[in-house]
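Please look over the sequence and the model first, and then follow the notes below.

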Amino acid sequence: MLKIVHPVAGLIATLTIATFWLSTVISELFLSEAAIVAVKTAIPWGFLILIPALAATGGSGFAWSKGQRQGLVGTKLKRMPFIAANGLLILIPAALFLASKARAGEFDTMFYVVQVLELIAGATNLSLLALQMRDGMRLTQWRRSSFLQRGVTYATSVISKEDVARGTVALHLKKPDGFTFKAGQAVYLTLPALHDVDGKGRMRTFSIASAPNDPDLVIATRLTDSALKRGLANLPVGSPVEIEGPYGDLTLHDDAKRPAVFLAGGIGITPFRSMIRDAGSYAPTRDLILFYSNRSPEDAAFLAELEQAARDNPCFKLVATMTDAVNWQGERGFITRDMIERHVGDIAKPVFYLAGPPTMVAAMQAMLKDAGVKMENIRAEDFAGY
C-alpha cells in the first residue's frame with residue numbers, strides 16, 4: 001500500500017501547488033480583478049487537499065524507508081522538512097492573508113509584496129517536489145513495469161548459507177507458497193528482528209539469483225560494515241526474514257533469435273545467474289553471452305558454476321575478465337568495446353543487459369551508446385552495494 005500511497009500523494013500535492021501557482025499568475029497577468037478575488041479566495045479551500053497530501057507523502061515516505069537515511073532515500077527524507085516548513089510557514093499564511101486582502105478589495109503594495117513571496121515559495125516547493133519525484137523514479141526504476149502492482153509481503157526463513165566468493169555470501173531461503181517470479185526479477189528483503197539499525201535501514205533490494213523452477217530462493221550479497229549486511233552475515237539458519245515482490249523488468253526479451261549479452265560487474269551477476277539457469281532448462285538453444293568482470297577469480301561469485309554451465313551448454317558463452325589477477329589465463333582488464341566485438345561480432349544485433357556498481361553501469365551504457373547500440377536495446381540495473 002505504501003508504494004502506491006507515496007507517489008500518488010506526492011503527485012496530488014505537486015499538482016495542487018502547480019494549480020495554485022498557475023492560476024495566480026494567469027489571473028494576475030490576464031484576467032479581471034473579480035477573477036483575482038475568485039482565485040485568491042478559492043486557494044485556501046485547496047488546503048483541504050494539499051495538507052493531507054503532503055502529510056501522506058511525508059508519512060508514507062518515512063514509513064517506507066524502514067530506517068534508511070542514506071542514498072536517495074536519505075536525500076528525499078531531508079527535503080521533506082523544508083517542503084513542510086515552506087508550506088506551513090509561508091504558503092499557507094500568505095494564501096490566507098491574500099484571500100483576506102482580496103475579499104476586502106485591498107490590492108495595495110503589501111498585497112503584491114506578499115503575492116511575490118507566495119509565488120517564490122510556491123516555485124520553491126514545486127522544484128523540491130519535482131526533485132522528490134525524480135529521485136523516486138530512480139529508486140523504483142528497477143521495478144518500473146510492476147510499480148503499481150499490489151506489493152505482497154511473504155514471511156520466509158533461511159534454509160542455508162554458503163560463501164560463494166571472497167566477502168560474498170549466498171542465502172538460500174524457503175520459497176513461500178504462492179510466490180512466483182520471472183528470471184531476473186528482484187525482491188525487497190527485510191530483517192524484522194534486526195536491532196542494530198543504522199542509517200542504511202533494515203531493508204534492501206536483492207535480485208533473485210535462483211531460477212524460477214529452483215526449489216528455493218537464492219540471494220547473494222557482498223558483505224559490508226552496514227548493520228543489515230552484518231545481520232545477514234551472522235543470521236543463523238532458520239531465522240525469519242520477510243520478502244516483498246517480485247518486482248522488476250530486467251528479464252529476457254521475447255525475440256529468441258536475438259542474442260542476449262550480459263555485462264556483469266561483481267555482485268551484478270545475480271540476475272544473470274537466474275536467467276542463465278532458467279534458459280538452460282527452458283531455452284537451451286538460445287544464444288547467451290556473459291561478460292563477467294571482477295578483480296580476481298576469488299572475488300567472482302558463482303564463477304565455477306558458470307564455467308561448468310558454459311561447458312554444458314554450447315549456446316552459452318562465458319567471458320570472464322579480471323582486473324587484478326596474477327595467475328589468470330582469460331581476459332584481463334575492464335569490459336571494453338573491443339572485447340565485446342571480438343566475442344560478439346555485430347554489436348548492433350544483441351540486446352544488452354547491464355548490472356553492477358553504478359559507475360560501471362554508467363560507463364557501459366556510454367560505451368554501448370557510442371558504439372551505436374540503440375537505447376531500447378540496453379537494459380540496465382545498478383547495485384550500490386551498501
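D299 counts as buried at 4% relative accessibility, where buried means under 20% relative accessible area, exposed over 50% and partly exposed in between (1.4 Å probe, protein chains only). This is a predicted model, in which local features need pLDDT of at least 70 and side-chain atom pairs count only at pLDDT 80 or more, while totals for chains, interfaces and linings use all residues. Residues are numbered from 1 along each chain as its sequence is written, and side-chain values use heavy atoms, with hydrogens and water left out.

**Salt bridges**

- The structure holds 11 salt bridges, a salt bridge being a side-chain nitrogen of Lys or Arg within 4 Å of a carboxyl oxygen of Asp or Glu.
- D299 forms one of these with R166, and the closest N and O atoms of the pair are 3.0 Å apart.
- This pair links distant parts of the chain, since D299 sits in the loop between β8 and α7 and R166 in the loop between β1 and β2 (168–174), 133 residues apart; helices (H or I, at least four residues) and strands (E, at least two) are DSSP runs, numbered from the N terminus.
- Whereas D299 is buried, R166 is exposed, with a relative accessible area of 51%.
- R273 and E305 also meet through their side chains in a salt bridge, at 2.9 Å from N to O.
- Because R273 lies in helix α6 and E305 in helix α7, this pair ties together parts that are 32 residues apart in sequence.
- R273 is buried, with a relative accessible area of 8%, and E305 is partly exposed, at 28%.
- A network of salt bridges links D214, R273, R277 and E305.
- D338 and R342 form a salt bridge as well, at 3.0 Å from N to O, and they are separated by about one helical turn because they are 4 residues apart in helix α8 (residues 337–344).
- D338 is partly exposed at 47% relative accessibility, and R342 is partly exposed with a relative accessible area of 47%.

**Nonpolar core**

- The largest nonpolar core has 34 residues, and those with the most contacts inside it are F262, I269, F272, L290, Y292, F302 and L306; such a core is a set of buried Ala, Val, Leu, Ile, Met, Phe, Trp, Tyr and Cys residues joined through side-chain atoms within 4.5 Å.
- Among the elements that give two or more residues to this core are β1 (153–165), β7 (260–265), α6 (269–282), β8 (288–294) and α7 (303–312), and the largest share, 5 residues, comes from α6.
- Not counting residues up to four places away in sequence, F262 touches L252, F272, M275, I276, L288, I289, L290, F291 and Y353, with contact meaning heavy atoms within 4.5 Å.

**Sheet**

- An open sheet is formed by 6 strands in the order β4-β3-β6-β1-β2-β5, with antiparallel pairing; two strands pair if DSSP finds at least two bridges between them.
- The edge strands are β4 (203–207) and β5, each of which pairs on one side only.
- Strand β3 (residues 186–190) pairs with β4 in the antiparallel sense over 5 bridges, and the bridge partner of V187 in β4 is F206.
- P240 lies in strand β6 (residues 240–247) and, leaving aside its neighbours within four places in sequence, P240 is in contact with T156, S157 and P192.
- The C-alpha atoms of P240 and L173 are separated by 9.4 Å, and these residues are 67 residues apart along the chain.
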